[in-house]
Amino acid sequence: MAMQIHISLCAFSFLTSHAVLGLHAGNLYSSPHLTLNSAKPTQFSHSAAPFASRRCTMRENPWPNQQVARVGVNMCAPIALRTSPSLRPAAAPRRCHVLMGGPARIRGRSVECTDNFYEAPMEIGGLTYSTCEHYFQAMKFTGDDEASTRLRETIRTSPTALKAWYHGQSREAPIRKDWERVKASVMYTGVAAKFAQHPQLAATLVATGSDRIRAAISTDDWQEINGYILERVREELKPEDQRDTARLEELVREIDG
């Protein structure tokens, strides 16, 4: 008989130190056999946009040869660890599953370009980042020391957003001391740049009107934060006479503190 142990989300950092699987646009990342099989990438282009954006397509394994206990995670409820006769130590390989990530839902449908893993290269501070996740993870390490500089560039040039996330979990360099205070603003900067530099994506977001944006499940309180960020960017993209200024001010306070 399977044994189920419930633990609180505060233990999530411990679990993710072993392995992570993301639920991304209806597909699963898994460890140690990490896969994502997306539909044919959608190409976007616009004469005013400096880059072409496309749907991320990944198939990789950043945790080679790792064997971990099977974990099923429902981010809306306590994490559940499950063990069963089929997953005894002698049975291998075993996997760790964490459901997280993917596009937000607006008006009951998924809007692909709202995903922080969505590939839409953007320029920020004179450097190009393939996704919002690349920028976010790189900005954890802003020191001038050699280790920080090297890790920041490794993240920025990672071939996929998932690899950028993976390198962002490294502690080879110190995380900036104000990270917990500024991280929501950092993600906002990346999301705002993505939509500002890809007008076709901006038009898609603005076309959703003023409906609530329900971001994909994620770690900690990021589902709520990502929703706030997308709603703020959407309001800022609208003509001034069409903005809900009261709502925009509220969103700015929620994100910038």
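Reader: Where is the cut-off in relative accessible area above which a residue is called exposed, and below which is it called buried?

Author: In this predicted model, a residue is partly exposed when its relative accessible area falls in between the two limits. Buried means under 20% and exposed means over 50%.

Reader: Is D220 buried or exposed, and on what value does that rest?

Author: D220 lies in the loop between β12 (213–214) and α7, and its phi is positive, about 50 degrees, although D220 is not a glycine. Because exposed means over 50% relative accessible area, D220 counts as exposed, at a relative accessibility of 57%.

Reader: Which residues form a negative surface patch with D220, and how accessible is E224?

Author: E224 has its place in helix α7, which covers residues 222–237. The negative surface patch is formed by D220 together with D221, E224 and E254. Of these, E224 is partly exposed, since its relative accessible area lies between the limits of 20% and 50%, at a value of 48%.

Reader: Which loop holds R107, and what is the relative accessibility of R107?

Author: R107 is a residue other than glycine with a positive phi, near 55 degrees. The loop that holds R107 runs between β8 (104–106) and β9 (109–111). R107 counts as exposed, because its relative accessibility is 54%.

Reader: How do the rings of F136 and W179 pair, and how many residues apart in sequence are the parts that they tie together?

Author: The structure holds three aromatic pairs. The one formed by F136 and W179 is tilted, with 4.9 Å centre to centre and 55 degrees between the planes. F136 lies in helix α2 (residues 132–138) and W179 in helix α5 (residues 179–196), so the parts tied together by this pair are 43 residues apart in sequence.

Reader: What kind of pair do the rings of F136 and W222 make?

Author: F136 in helix α2 and W222 in helix α7 are 86 residues apart, and their pair links distant parts of the chain. The ring centres of F136 and W222 are 5.2 Å apart with the planes at 85 degrees, and planes over 60 degrees apart count as edge-to-face, so the pair is edge-to-face.

Reader: Which residues make up the cluster of linked rings, and are they buried or exposed?

Author: F136 counts as buried at 6% relative accessibility, and W222 counts as buried at 8%. W179 is buried as well, as is F136. The cluster linked by ring pairs is made of F136, W179 and W222.

Note on methods:
Residues numbered from 1 in each chain as written. Predicted model: local features only at pLDDT ≥ 70, side-chain atom pairs only at ≥ 80, totals over all residues. Heavy atoms only, no water. Patch = residues over 30% accessible without salt bridge, like charges linked within 9 Å, V, L, I, M, F, W, Y side chains within 5 Å. Areas by Shrake-Rupley, 256 points an atom, 1.4 Å probe, with all protein chains shown as cover. Salt bridge = Lys/Arg side-chain N within 4 Å of Asp/Glu carboxyl O. Lys, Arg positive; Asp, Glu negative; His and termini not counted. Charge placed at Lys NZ, Arg CZ, Asp CG, Glu CD. Helix = DSSP H or I, 4+ residues; strand = E, 2+ residues; numbered from the N terminus. Buried < 20%, exposed > 50% of the residue type's maximum accessible area, 1.4 Å probe, protein only. Phe/Tyr/Trp six-rings, centres within 6.5 Å; stacked < 30°, edge-to-face > 60°.
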